[in-house]
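Me: I'm new to this one. Can you walk me through it in short answers?
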Amino acid sequence: MYHLVLSLLFGALGTLGAPDVDEIKFLPGLQKQPNFKQYSGYFNVAGNKHLHYWFVESQKDPASSPVVLWLNGGPGCSSLDGLLTEHGPFLIQNDGMSLEYNPYSWNMIANMLYLESPAGVGYSYSDDSNYTTNDTEVSMNNFLALKEFFKAFPEYIKNEFFLTGESYGGIYIPTLAERVMEDTSMNLQGIAVGNGMSSYEMNDNSLVYFAYYHGLLGTSLWSDLQAYCCDGGKCDFYNNQNPNCSSNLNEVQDVVYNSGLNIYNLYAPCPGGVGQRVGNIPVRKVNHLVLVDPSCH
């Protein structure tokens with residue numbers, strides 16, 4: 001009976017699996033430590049890549065709460081941006097040194113996995129320092145990271161599972177979902193993408209209309225855009241070779257991104273006025289129109 005009890009005990013411990021070495025015992029900047037468990041570490045994938053994760057358990061019955069993966073976009077944005085400035089349990093305060101609890105955190109009802117992907121983003125890295133990649137490779141490495149997650153936390157393998165993200169997550173999430181759907185060990189229930197990128201051309205063309213119809217572009221600039229970027233009622237703000245069009249698109253760039261406006265929340269109060277954006281913000285240049293993902297700041 002004694003050996004049977006020991007066998008059952010060690011068997012039960014073996015199914016829990018949460019890696020003690022990754023558990024965050026103390027988080028600086030908080031006046032009171034959380035009453036939920038959280039973990040931070042690496043998933044080793046593709047032989048030489050190490051993707052950093054931060055996993056926060058649900059504040060409401062982790063054993064039965066869904067598991068939700070979150071990926072910020074970019075490409076090149078750290079998912080810790082989502083954790084620490086959007087819907088994670090902690091929000092960085094203006095002093096840059098302290099944290100406050102987020103009353104609207106998603107981990108109120110879900111186990112949240114924040115993954116920094118691809119290698120080279122945030123704390124994720126590659127042994128060979130080669131960070132050239134593509135969407136296919138990223139989706140595979142993200143899938144391998146999920147396999148490592150459920151290996152490290154096997155107690156969650158049967159829980160409802162959701163894939164979520166924003167911005168370039170419009171590429172990351174569907175391509176990852178296709179792989180996850182082929183793996184019957186994961187209990188995938190759905191995906192969600194906010195402000196999702198699905199097509200560079202559609203995104204770039206719609207940006208100019210967004211700016212104009214939200215009152216960001218003056219009548220004179222809009223008239224020039226119509227004259228130099230449009231033909232027969234069809235406008236091309238994505239791949240237009242007209243130098244006059246390019247010049248006007250540069251003005252759109254300055255108004256939308258370099259004025260300090262928050263394009264995700266144009267009507268929010270702006271204490272102190274709108275100043276010039278500063279800091280290193282990832283940019284993408286498509287011909288003459290430079291697009292910036294302001295979620296990466």
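Me: Let's start with Y42. Which strand does Y42 lie in?
Reply: Y42 lies in strand β1, residues 38-45. Helices (H or I, at least four residues) and strands (E, at least two) are DSSP runs, numbered from the N terminus. Residues are numbered from 1 along each chain as its sequence is written. This is a predicted model, where local features need pLDDT of at least 70 and side-chain atom pairs count only at pLDDT 80 or more, while totals for chains, interfaces and linings use all residues; side-chain values use heavy atoms, with hydrogens and water left out.

Me: What is the relative accessible area of Y42?
Reply: Y42 has 35%, so it counts as partly exposed. Buried means under 20% relative accessible area, exposed means over 50%, and partly exposed is in between (1.4 Å probe, protein chains only).

Me: And which residues make the nonpolar surface patch?
Reply: Y42, Y123, Y125 and Y131 make it, and the patch is about 420 Å². Patch residues have over 30% relative accessible area and no salt bridge; like charges are joined within 9 Å, nonpolar side chains (Val, Leu, Ile, Met, Phe, Trp, Tyr) within 5 Å. A salt bridge is a side-chain nitrogen of Lys or Arg within 4 Å of a carboxyl oxygen of Asp or Glu. Accessible areas come from the Shrake-Rupley method with a 1.4 Å probe; for residues, only the protein chains shown count as cover.

Me: Zoom out. How many helices and strands does the protein chain have?
Reply: The protein chain has seven helices and 13 strands. Of its 297 residues, 43% count as buried. The chain exposes about 15,800 Å², with 55% of that supplied by carbon and sulfur atoms.

Me: Now α4. How many residues does α4 have?
Reply: Helix α4 has 13 residues, 169-181. From first C-alpha to last it reaches 17 Å, close to the 18 Å expected at 1.5 Å a residue. The expected span is 1.5 Å times one less than the number of residues.

Me: Which residues in α4 are buried?
Reply: G169, G170, I171, Y172, I173, L176, A177 and V180.

Me: What covers the buried residues of α4?
Reply: The cover includes β3 (67-71), α3 (135-152), β8 (161-166) and β9 (188-194). Contact here means heavy atoms within 4.5 Å.

Me: Switching to N240. Buried or exposed?
Reply: N240 has 14% relative accessibility, so it counts as buried. N240 lies in the loop between β11 (234-235) and α7 (243-257).

Me: What does the side chain of N240 reach at 2.9 Å?
Reply: The backbone nitrogen of N242. A polar atom of the N240 side chain also lies 3.1 Å from the backbone oxygen of D236. A polar contact is a pair of N or O atoms within 3.5 Å; within protein, one must be able to donate a hydrogen and the other to accept it, and residues adjacent in sequence count only if both atoms are side-chain atoms.

Me: Prolines next. Is the peptide bond from G74 to P75 cis or trans?
Reply: The G74 to P75 bond is cis, with omega near -5 degrees. P75 sits in the loop between β3 and α2 (80-85). The bond from S117 to P118 is cis too, with omega near 0 degrees.

Me: Last one. What is the phi of A46?
Reply: Near 55 degrees, a positive value in a residue other than glycine. A46 is in the loop between β1 and β2 (49-56).
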